[in-house]
Amino acid sequence: MRLGVDVGDVRIGVARSDPSGLIATPVETVRRGAGDLARLRAIAEEEGAVEVVVGLPRSLSGREGPAAEKVRVFAGQVATALAPVPVRLCDERLTTVTAENVLRERGKKGQKRRAVVDQAAAVVILQNALETERSSGRVPGEIVADPSAAPTDQSDQTDRTGPSTDGCETNR
């Protein structure tokens, strides 16, 4: 089972896959701040997570800005908190827009929509990763190294300036 995570400044949306990795469903919205990593660790343990996919916000051109840098830092903290469970970054362009549209179509309005949009975005992130892996036969995303672990060879780091072509950031 895998977890999908949509990181925001205020909230963190969490989704999970079914055991076969076909369908992503919402789990909960975690308040960002004190205790957020402990809650994510508890969810990962409760769900038996074998991997965590974190959405990486990129511009439509594929470039990374300040929001992506914040997510990279947080993803490193998640990797440390959940080690040895692998954490991956996957492109999340337009996931919140997609989630908002789905919720609007289902009649969710205002405060009710805001309460679940982060979970819905996490579902979109995870579902995209699952479908990318199924269609391409390779695990999508960029693995996040645990910052507290021993240094590794950084020679094959992903170019973070160009657009992703497979729905998720990948090491090429």
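Colleague: What share of the contacts in the protein with a separation of 6 or more comes from residues 24 or more positions apart?

Modeller: A contact means heavy atoms within 4.5 Å. In this protein, residues 24 or more positions apart account for 68% of the contacts with a separation of 6 or more. Keep in mind that this is a predicted model, where local features need pLDDT of at least 70, side-chain atom pairs count only at pLDDT 80 or more, and totals for chains, interfaces and linings use all residues. Residues are numbered from 1 along each chain as its sequence is written, and side-chain values use heavy atoms, leaving out hydrogens and water.

Colleague: Is Leu 56 buried or exposed?

Modeller: Buried means under 20% relative accessible area, exposed over 50%, and partly exposed in between, with a 1.4 Å probe and protein chains only. Leu 56 has a relative accessible area of 0%, so Leu 56 is buried. Across the protein, buried residues make up 44% of the 172 residues.

Colleague: Which residues touch the most other members of the largest nonpolar core?

Modeller: Here's the general idea: in soluble globular proteins, nonpolar side chains tend to be buried together. A nonpolar core is a set of buried Ala, Val, Leu, Ile, Met, Phe, Trp, Tyr and Cys residues joined through side-chain atoms within 4.5 Å. The largest one here has 24 residues, and Leu 3 and Val 54 touch the most other members. Helix H2 gives this core its largest share, seven residues. Another core, of 10 residues, lies apart from it, with Ala 122 and Leu 130 among them.

Colleague: And how many helices and strands are there in the protein?

Modeller: Helices (H or I, at least four residues) and strands (E, at least two) are DSSP runs, numbered from the N terminus. You'll find four helices and six strands in this protein.
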